[in-house]
Amino acid sequence: MTKPSASLAPIPVAVQQSRTVEQLVTGQATSDGAGVKLTRVLMPALQQRLDPFLMLDAFGSDRPDDYIAGFPDHPHRGFETVTYMISGRMRHRDSAGHEGLLENGGVQWMTAGRGVIHSEIPEQEQGVMEGFQLWLNLPASDKMCAPWYRDFKADELPAFRTAAGVDAVLIAGSSHGIQGGVARAATQPLYLDLHLPAGSSFEQDLPADHNAFVYVYRGGVIIGGRDVPAGRMAVLANPPRADGVRIVADAEARCLLIAGRPLREPIVQYGPFVMNTRAQIGEAMQDFQAGRLA
Ligand code: MN
């Protein structure tokens, strides 16, 4: 993986009372697109609990058959997709005229808004492809906004190393006084990728009402005294007195820490469309079928 080159000086954070783990979630093996094998970590049953986040998929394989077909043309409306490629190469094209190559540590942030049709196709025939796709909801007032898109190469993402030696890549939000690649007023998303060396810990302040989770993808961590092994998502509790989270690693570990301000609006999902009412889903399907979505 290309190492982020930014060397920003973090301001120390001291969490007085850490959130605890409310629930450990095991992802579900599934396939999507033209047969890409993946693990659905955040499923629809958790959309209310983890509002404003709608989905997290983890994909990772060194078997080309698991990923080679990619995700041919498909539509989206009403939310944002954030794809973080740890390893591998994927070409993105969409009906708004955007095109980009996502690779080794890069991020693609796409706001579908009123609609795009896009494809996500691997540009590799062998080797490891590993990464994550997060779906972030849009507030009702922005669901029909114009589509937006940005690619970040790995060295364009803000990154820092804490005094404890934790390497952090900041995809969205702010942490330790540093601003991430993307900010959103309504949902205030925080998206951190953390590399914790053995014996280290990482502290992050979080507003008590923001929903938050940690997904561990290497090693294991301890949060509020509870073990969170690799391949598990820890849904963090929201006690009013907790001012953040402390993540402890006895052995080397890597995890995502994701948090955001809940929208508290109705969520109606039908496949790639996420709106507030069934009538709006009907409009999305009609617009897609009539070619008005792109
Ligand atoms: Mn898509």
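Reader: Is Glu 103 buried, exposed or partly exposed?

Author: Start with the scale. Buried means under 20% relative accessible area, exposed means over 50%, and partly exposed lies in between (1.4 Å probe, protein chains only). Glu 103 has a relative accessible area of 27%, so Glu 103 is partly exposed. This is a predicted model: local features need pLDDT of at least 70, side-chain atom pairs count only at pLDDT 80 or more, and totals for chains, interfaces and linings use all residues. Residues are numbered from 1 along each chain as its sequence is written, and side-chain values use heavy atoms, with hydrogens and water left out.

Reader: Which side chain does Glu 103 meet in a salt bridge?

Author: First the rule. A salt bridge is a side-chain nitrogen of Lys or Arg within 4 Å of a carboxyl oxygen of Asp or Glu. Here Glu 103 pairs with Arg 89, at 2.9 Å from N to O. Arg 89 sits in strand E7 (residues 89-94) and Glu 103 in strand E8 (residues 99-103), so the pair ties together parts 14 residues apart in sequence. Strands (E, at least two residues) and helices (H or I, at least four) are DSSP runs, numbered from the N terminus. Arg 89 is partly exposed, at 32% relative accessibility.

Reader: How many salt bridges does the structure hold?

Author: It holds 17 salt bridges. One of them joins Arg 93 to Glu 99, with the closest N and O atoms 3.4 Å apart. Arg 93 is partly exposed at 45%. Glu 99 is partly exposed at 43%.

Reader: What does Arg 218 form with Glu 130?

Author: A salt bridge, with the closest N and O atoms 2.9 Å apart. Arg 218 lies in strand E19 (residues 211-218) and Glu 130 in strand E11 (residues 129-137), so this pair ties together parts 88 residues apart in sequence. Arg 218 is partly exposed at 34%, whereas Glu 130 is buried at 13%.

Reader: Which residues do shared partners join into one network?

Author: Salt bridges that share partners link Arg 89, Arg 91, Arg 93, Glu 99, Glu 103 and Glu 123.

Reader: Which residues coordinate the manganese ion?

Author: Donors are N, O and S atoms within 2.8 Å of the metal (3.2 Å for Na, K and Ca); water is not among the atoms, so sites may look incomplete. The manganese ion is coordinated by NE2 of His 74, His 76 and His 118, at 2.1 to 2.2 Å. Their spacing along the chain is H-x1-H-x41-H. His 74 belongs to strand E5 (residues 71-76) and His 118 to strand E10 (residues 116-122), so the pair ties together parts 44 residues apart in sequence. Both His 74 and His 118 are buried.
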